[in-house]
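Please consult the sequence and the coordinates alongside the text.

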Amino acid sequence: MKEQWKKLMNRKSFHISILIIMTLIILLILGFIILRYQVEGETNLPFKLSKISIISSSEGIDKQEQVEGNRWNFDINQNNDIYMYVDKNEEYDKTEIIDKISIENIQMTKQNEKGTLQIYKPDVENQNVIFSNKEQNLVQNITYEAAENADIKNLKITNQGGIVAIRLSNSKMAEYIANDEEINHNELLKKANISLEDIKIDVQFDFIISLKSMKKYKSTIELQLPLEEIIEKGTDSKELTDMEKYVFKREKT
């Protein structure tokens with residue numbers, strides 16, 4: 001038996017078989033590692049997306065065109081203000097500094113043709129509100145640069161985190177003409193006979209954290225807007241705290 005085993009081990013085909021088996025094992029291990037990374041992404045980021053806050057609201061914009069026999073003539077906008085909170089990961093044992101945080105590749109789709117989907121950055125001029133649906137605030141992407149002090153309206157965060165904000169709006173999605181004594185903007189959608197199905201939007205965008213060390217981490221964020229109580233209440237808010245479903249992966253720089 002020993003002699004037969006020695007003869008087998010001395011054969012070239014035996015060594016080739018062992019080499020093939022070892023190669024297959026290594027490929028299986030690598031495949032498992034790659035698959036796990038695709039599912040879980042980076043497990044120990046220097047900074048983390050800790051929370052997403054959403055405020056869905058409606059507003060009437062005076063068209064300044066009088067309709068005979070009516071006091072009011074409004075275009076109705078449905079706005080979704082999104083605030084994303086980035087915090088330092090206290091479990092990360094190295095020092096990293098944020099260079100910028102970007103929201104890119106924003107895609108919005110809706111079932112109904114009512115209105116125009118638009119993207120707005122915060123309004124610098126109006127100190128009473130964060131957002132205004134003005135033409136000069138329209139953007140395709142948005143980037144917050146690191147600075148000494150955070151300033152949400154001027155697109156500044158600190159180098160250790162902060163809040164990034166953007167507005168996704170369905171503008172001029174309906175008209176409201178009436179002769180009411182007063183107008184409650186929270187009731188505009190209901191009075192215009194708008195349903196939640198009419199204004200549902202599927203949103204997807206890339207959320208990118210870029211560091212001074214040239215490291216870059218990206219996650220794709222998917223949201224369904226607006227929030228469910230928008231029709232009845234005119235405004236609705238929600239905080240999303242389960243961030244594990246948003247997988248961040250290291251990007252090549």
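**Asparagine 79 and its surroundings**

Between the side chains of asparagine 79 and glutamate 59 there is a polar contact of 3.1 Å (a pair of N or O atoms within 3.5 Å; within protein, one must be able to donate a hydrogen and the other to accept it, and residues adjacent in sequence count only if both atoms are side-chain atoms). The model is predicted: local features need pLDDT of at least 70, side-chain atom pairs count only at pLDDT 80 or more, and totals for chains, interfaces and linings use all residues. Residues are numbered from 1 along each chain as its sequence is written, and side-chain values use heavy atoms, with hydrogens and water left out.

- Asparagine 79 belongs to strand β2 (helices, H or I of at least four residues, and strands, E of at least two, are DSSP runs numbered from the N terminus).
- With a relative accessibility of 1%, asparagine 79 counts as buried (under 20% relative accessible area; exposed is over 50% and partly exposed in between, with a 1.4 Å probe and protein chains only).
- Leaving aside neighbours within four places in sequence, the contacts of asparagine 79 include Ile55, Glu59, Asn133 and Arg167 (contact means heavy atoms within 4.5 Å).

**Aromatic rings**

- Two aromatic pairs are present in the structure (rings of Phe, Tyr and Trp, the latter by its six-membered ring, pair if their centres lie within 6.5 Å; planes under 30 degrees apart count as stacked, over 60 as edge-to-face and the rest as tilted).
- Tyrosine 83 and phenylalanine 131 pair edge-to-face, at 6.3 Å centre to centre and 65 degrees between the planes.
- This pair links distant parts of the chain, 48 residues apart: tyrosine 83 lies in strand β2 (residues 72-88), and phenylalanine 131 in the loop between β4 (116-120) and β5 (142-147).
- Tyrosine 83 is buried at 14% relative accessible area, and phenylalanine 131 is buried at 6%.
- Phenylalanine 207 and phenylalanine 248 have ring centres 6.3 Å apart and planes at 80 degrees, so this pair is edge-to-face.
- Phenylalanine 207 is in strand β8 (residues 201-211), while phenylalanine 248 is in the loop between β10 (235-240) and β11 (249-251), 41 residues apart.
- Both phenylalanine 207 and phenylalanine 248 are buried.

**Sheet**

- Six strands form an open sheet in the order β6-β5-β3-β8-β9-β11, with mixed pairing (two strands pair if DSSP finds at least two bridges between them).
- β6 (156-158) and β11 are the edge strands, each pairing on one side only.
- Three bridges join β5 and β6 in the parallel sense.
- Alanine 146 has isoleucine 157 in β6 as its bridge partner.
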